Amino acid sequence: MSRNQGTNRKGKPSGRGQQSGAKKNSSRGVANSNTKSFARGNAPVKKTSSNQKASNPDEIRLNKYVANSGMCSRREADVHIATGLVTVNGVVVTEMGYKVKPGDEVRYDGSRINPEKKAYVLLNKPKGFATTTSEGKGRTVMDLVANATSSRIKPIGRLGRNSKGLILFTNDETIVNKFTNSKNGVPRLFHIELSKNLKLEDLKKIQAGIKVEDKLITVEEISYIEGASKKEVGLKIKNTGNNIIRTIFEHLNYDIVSLDCVAIAHLTKKDIPRGHWKHLTEQELNSLKML
């Protein structure tokens, strides 16, 4: 047979080199065009919505927040939320996935709850420290209890910068309400030194109640300090501030030289040097709760 017969066979190449080249091209080119590759650098890019918000690590799911307060389990918290017993910043929230932000006020059945560990710190305040949680006020009582606990405690009531004595700090809303309840309250005993002797008639006026600007101001008890001059008196009130004390004596033309809170209910300054603090014992706390 002639050479021309061999070259006219349907135009198909017959060389081995050409076949091996075709295989290489099919494995790297053709095959890759028809299948998905997950090799590094070729993985599909996930598109994210421009409206998607980044999660805040400080936020906490509402059911966990309620459970962490110690009042119930997380499963029970879901039930409370679903039935509308939980509010956030005054608004009822029934959404299971709702997240609480730092600073939000969460209440269960009207009472504020807090997921932090309850802390109760008693400070014997020295002079020169303001009773405030605000910054930029110079030295404050918060500086004195800064290392007492990681919980966000606040002082109950106030003592003036130049006053001294006991202040209770806590993050327990139930205890705070005990102090601020106008009907019951918690008694505090003050040792007061005046600029001059307190007249007996003025002492009796204070015992009976004094009207200042048409408002009757009453105290629980008042008496002279035994063994001291008539300048020194003991005064017990249930009001959380000390302005009421200054109002009483200024109305009667007395200046207060020294004001010292020596007792809060059954709590005293025993074993608490000036400028130091202590955590309440379980017994002290239970007695406070029973008031």
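Me: What makes strands β8 and β9 a pair, and in which sense do they run?

Reply: A pair needs at least two bridges, and two bridges join β8 (residues 154-155) to β9. The count meets the cut-off, so β8 and β9 are paired; they run antiparallel. In one of these positions Pro155 stands opposite Phe169 in β9. The model is predicted.

Me: What joins strand β7 to β9?

Reply: Six bridges do, and the two strands run antiparallel. Strand β7 covers residues 120-125, and Lys125 stands opposite Gly165 in β9.

Me: How do you know that β9 and strand β15 pair, and in which sense?

Reply: The two strands share two bridges, in the parallel sense. At least two are required, so β9 and β15 count as a pair. Gly165 has Cys261 in β15 as its bridge partner, and Lys164 stands opposite Asp260 in β15.

Me: Why is strand β9 called largely enclosed by the rest of the structure?

Reply: Buried means under 20% relative accessible area. Six of the seven residues of β9 (residues 164-170) are buried, so the rest of the structure largely encloses this strand.

Me: What makes β15 mostly covered?

Reply: Of its nine residues, seven are buried. For comparison of scale, buried residues make up 34% of the 291 residues in the protein chain.

Me: What do β15 and β16 form, and what is found in the turn?

Reply: These strands form a hairpin with two residues between them. Ala265, in the turn, has a positive phi of about 55°.

Me: Why is Thr131 called buried?

Reply: The cut-off for buried is under 20% relative accessible area. Thr131 is at 3% relative accessibility, so Thr131 counts as buried. This residue is found in the loop between β7 and α5 (141-144).

Me: Which residues does Thr131 touch, not counting those up to four places away in sequence?

Reply: They are Lys125, Val141, Pro155, Gly157, Arg158, Leu159 and Ile167.

Me: What makes the pair formed by Thr131 and Leu159 a polar contact?

Reply: A polar contact needs N or O atoms within 3.5 Å. A polar atom of the side chain of Thr131 lies 2.6 Å from the backbone oxygen of Leu159. That distance falls within the cut-off, so the pair qualifies on distance.

Me: Why is Lys270 called exposed?

Reply: Exposed means over 50% relative accessible area. Lys270 is at 62% relative accessibility, so Lys270 counts as exposed. Lys270 is found in the loop between β16 (267-268) and β17 (277-279). Its C-alpha atom is separated by 9.7 Å from that of Asn124, 146 residues apart along the chain.

Me: Why do β3 and β6 stand at the edges?

Reply: The open sheet has four strands in the order β3-β2-β5-β6, with antiparallel pairing. Each of β3 (91-92) and β6 has a single partner strand, so one side of each is left without a neighbour in the sheet. Within this sheet, β2 (residues 86-88) and β5 (residues 106-108) pair over three bridges, and Val88 stands opposite Val106 in β5.

Me: What is the volume of the largest pocket, and which residues are closest to its centre?

Reply: The volume is about 750 Å³. Arg112, Ile113, Asn114, Asn171 and Glu173 are the closest to the centre, of 29 residues in the lining. The elements giving two or more residues to that lining are β6 (111-112), β8 and α6 (173-180). The largest share, four residues, comes from α6. By class the lining has nine nonpolar, nine polar and eleven charged residues.

Me: What lines the second largest pocket?

Reply: The lining consists of Lys215, Leu216, Ile217, Thr218, Glu220, Ile237, Lys238, Asn239 and Ile244. Its largest share, three residues, comes from strand β12 (residues 215-217). Four of the lining residues are nonpolar, two polar and three charged. The space in this pocket is about 190 Å³.

Note on methods:
Residues numbered from 1 in each chain as written. Predicted model: local features only at pLDDT ≥ 70, side-chain atom pairs only at ≥ 80, totals over all residues. Heavy atoms only, no water. Buried < 20%, exposed > 50% of the residue type's maximum accessible area, 1.4 Å probe, protein only. 1 Å grid on protein atoms, 1.4 Å probe; cavity = no way out; pocket = protein on both sides within 12 Å on 5 of 7 lines; lining within 4 Å. Points joined across faces, edges and corners; volume = space filled by probe spheres on them. Nonpolar A, V, L, I, M, F, W, Y, C, P; charged D, E, K, R; others polar. Polar contact = N/O pair within 3.5 Å; in protein donor to acceptor, adjacent residues only side chain to side chain. Contact = heavy atoms within 4.5 Å.
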